[in-house]
Amino acid sequence: MKALHPSALESLARRRAPEGSWILSVYLNLDPQVRASRRGAHKLVLEQMLRDLEAALEDPQAAEHFQEDAEWVRNQVSLHIPRGKSLVLFCDISEGYTYHEDLPVRLPNGAWYERRPYIRPLLDAWKEYERTGIVVVDREKARLLVASMGEVEEVEEAFQTPAVRHRSTAGTDHMRSQMVFQRRAATWSHWFLKEVADSLHDMIEEHGIDRVVLAGPEEVTAELKRILPKGVLARVAARVRAPVATKARDLMDMVTPVLRELDAAREKDLVAECITSARKAQAESPKAVLGLDAVLDAVNQGRVYQILVPTGFSASGWHCPACDVLLDHAPARETCPYCSGSLQEMDDVVWAACDRVLAMGGKVEEIGADGAKETLRKDGPLGAFLR
Ligand SMILES: [Zn+2]
């Protein structure tokens, strides 16, 4: 999942191919049914995209380079065991350049043959994907980490300049110096947490952080939370107890269930909102729709802003190759109700609908949380918010 790291994006953006031998960029929205289905829908899509690109090439030398690159891509895809939701491939075989990676986000299908790797979908995905900032802190040390798509990375470390303990003295002098020391230590600690709050603010800006988790001893994170600037405070999603030296991986393991709970709550709200808006919708301009047929209808009209799909849900359906309409069932004689063209049967019309939504700049929200998923399946099984 390194492709969505800012530094990886930068190095991809800098890559240029020599004249006459360009770079083939391919994005494949992986068919979730690929394991079950004998012919993965995405392989058919790939074939079509490659054929379209090749047909547009006039120069025979360019076509030859293209065929070489296309062959590599076909090979990779046929050997590929899906680990993510999309697959991205860049290659220029004659230059020995290849790159492929599974992505944990759904990206629309697409292929380009250009001088540079086509990274726009990756940039969009980067913006889209939620990033969590984690600060783990005690009174002497703080570490800032960024977690995204299951990966976690340390970005900054801060230490308090320790309050210097004076030479030990005897009796009342000792008592007094202890008190002075404690007071000084408290002041230092407060300043230190203020510094941490500032660093946290900067990290949010720099890394595009959506939410923040404060980790550390209970009283330290409580104090830190009290002094956070409003903008940072608004992003605090949770506090967890953890020693400041906790390894990044272990920290992630502690934070993940907390984030999962937050996500589950969000999914539940989304589903509830969709159901409520769809039910009270006036025929004129509904904000949301429910049901396979209604959602496909909205997709066909290009009106879906966000589609809600229960994880793992699929349904067979029909597709009109002439006008691109998607249907959950075919009318009599299997002809398209819009253009009277002949319809083709599809293994998974839900996948095709998601792809269409993504291609139009919309979002696909997989609903996997217990409760939310069952509710959506029962009342939907699909839901959609409309533009
Ligand atoms: Zn049609």
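Student: What is the order of the strands in the open sheet of three strands?

Tutor: In general, strands of a sheet pair through backbone hydrogen bonds, either parallel or antiparallel. Here the order is S13-S12-S14, with antiparallel pairing. Strands (E, at least two residues) and helices (H or I, at least four) are DSSP runs, numbered from the N terminus. Two strands pair if DSSP finds at least two bridges between them.

Tutor: One caution: this is a predicted model, where local features need pLDDT of at least 70 and side-chain atom pairs count only at pLDDT 80 or more, while totals for chains, interfaces and linings use all residues. Residues are numbered from 1 along each chain as its sequence is written.

Student: Which strands are the edge strands?

Tutor: S13 (326-327) and S14 (344-346), since each pairs on one side only. Strand S12 (residues 317-319) pairs with S13 over two bridges, in the antiparallel sense. Look for His 319, whose bridge partner in S13 is Leu 326.

Student: And how do I read helix packing?

Tutor: Two packed helices are described by the angle between their axes and the distance between the axes. Helix H2 (residues 41-55) packs on helix H3 (residues 60-79) at about 175 degrees, the axes being 11 Å apart. Axes are lines fitted to C-alpha atoms, for helices over the stretch in contact, and angles run from 0 to 180 degrees between N-to-C directions. So H2 is roughly antiparallel to H3 (that label needs an angle over 145 degrees).

Note on methods. Angles under 35 degrees count as roughly parallel, over 145 as roughly antiparallel, 65 to 115 as roughly perpendicular and the rest as oblique.
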